[in-house]
Amino acid sequence: MGILFGKKILLGITGSIAAYKSAFLIRLLIQEEAVVKVLMTRDANSFISPLTLATLSKNKVLSELTDNAGTSWNNHVELGLWADVLIIAPASANTIAKFANGLCDNLLTTVYLSARCPVIIVPAMDEDMWKHASTQKNLAQLKSYGNQIIPVGTGELASGLTGEGRMAEPQQIINFLSDYLEPIYLKTKKKLSGKKALVTAGPTYEAIDPVRFIGNRSSGKMGIAIAEALAKEGAEVELITGPTALSTSKYNIQTTRITSTAEMHDAVIRAFENADITIMAAAVADFTPEYPSVKKIKKQNGTSFNLPLVETTDIINALGKRKRPDQLLVGFALESNNEITNATEKLKNKNLDFIVLNSLNDYGAGFELDTNKIMIIDRDEKQYTFEVKPKSEVAKDIVDFIVQKLII
Ligand code: CTP
């Protein structure tokens, strides 16, 4: 029996193309044996039929404050008290703005204002609306009220454009909901709740000219798996990632996408101050072209071409210098020879608390793979070895190690 068994879920649906996903969400909730009641705004009716939602949820769908005849009303206070959790999926920019400002001009906004249960908001909108300062301000406002926001995904949007703004997939919402409700109902305390974590992932790209760059084969898998494992333990996670096709929307992870080492440096330095735990899993470029060209570089009739490179700023080194005693700083080392000696040197030189060593000589370790094999070395030069495992399990090992370090 899952954590959602018997939970009373009030699902608010607002006017968005993504409303079709709500039908799948209801189906999954019913499969989990949750009790579902649906509220929809008037605009949501243009996107999905109340009959579909009523049939799937096995309950009457409510939309108006009063019935058609105006002779009875839908008691918003009772609905708010009935629910164990209120989810708004999809949540349009308009409804988010109303929630943030306490407007209550329809049944859903009125229920929101009177609900005492946890509220989970699953936004869906076009990228420009998503990125607009007012939407971001409203979301920050909702977070400050204690509401949970499931981040949007990136991909094809209803406008035909591609970008950020897609509603999280129904299965991701179910995962998020289960993870969120588990500690509340099972009274298990997550080990990193109240902690702030900063994670970097992926490669960085250094521009040679407008079309070419120096990069590396890092996929971002390891860093993203670590961000997810930290979030699963209750940490508030900020992920700063270089170019990667991957994304994470299963947990409440604030993601900043950057391209170059200089951009990663600025974003990391900004976030570091507030981070209790920082893990630099990114494969940061060590060199950058000294004179990146603003125009595409042309061939020179067979003559050779020299590209002068200069070293990039060592980000983790800068963090090691700023690190306070209450902050934990973890680095990665990918080595091909003298692995332990090199990694230990990096640990000391960069003032890290521990370093995660990957050896290119180990089968199953390295970039682009789904597995990894690590050794953790701490400041006392103690070595902890782990087997080859899927990156999600490696991430859990690293997070468990951090938890132990924080307890000691
Ligand atoms: N790192 C960093 N900034 C850089 C280069 C690396 O913050 N400009 C971080 C990486 O994210 C990693 C750690 O430093 O956590 C070690 O990276 P690695 O490339 O193995 O070490 P380097 O110091 O760059 O040494 P080398 O490449 O010469 O082995």
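Guide: Let's take helix 11, which covers residues 315–322. Keep in mind that this is a predicted model. A quick word on the setting comes before the detail. The protein chain has 408 residues, and 49% of them count as buried. The chain holds 13 helices and 21 strands. Its C-alpha trace spans about 80 × 60 × 35 Å along the principal axes. Take the contacts with a separation of 6 or more: residues 24 or more positions apart account for 67% of them.

Now to the helix itself. Which residues of helix 11 are buried? They are Ile315, Ile316, Leu319 and Gly320. Look down the axis of helix 11: its buried residues fall within an arc of 140°, so they line one face of the helix. Buried here means under 20% relative accessible area.

What covers these buried residues? The cover includes helix 10, at residues 261–272. It also includes two strands: strand 13 (277–280) and strand 16 (328–335).

Turn to the face of helix 11 that points away from the buried side. There you find Lys321 and Arg322, and these residues are exposed. Both residue types count as positive. Across the protein chain there are 45 positive and 45 negative side chains. The centres of those two sets lie 2 Å apart.

Methods
Residues numbered from 1 in each chain as written. Predicted model: local features only at pLDDT ≥ 70, side-chain atom pairs only at ≥ 80, totals over all residues. Heavy atoms only, no water. Helix = DSSP H or I, 4+ residues; strand = E, 2+ residues; numbered from the N terminus. Buried < 20%, exposed > 50% of the residue type's maximum accessible area, 1.4 Å probe, protein only. Contact = heavy atoms within 4.5 Å. Charge placed at Lys NZ, Arg CZ, Asp CG, Glu CD. Arc of directions from axis to C-beta.
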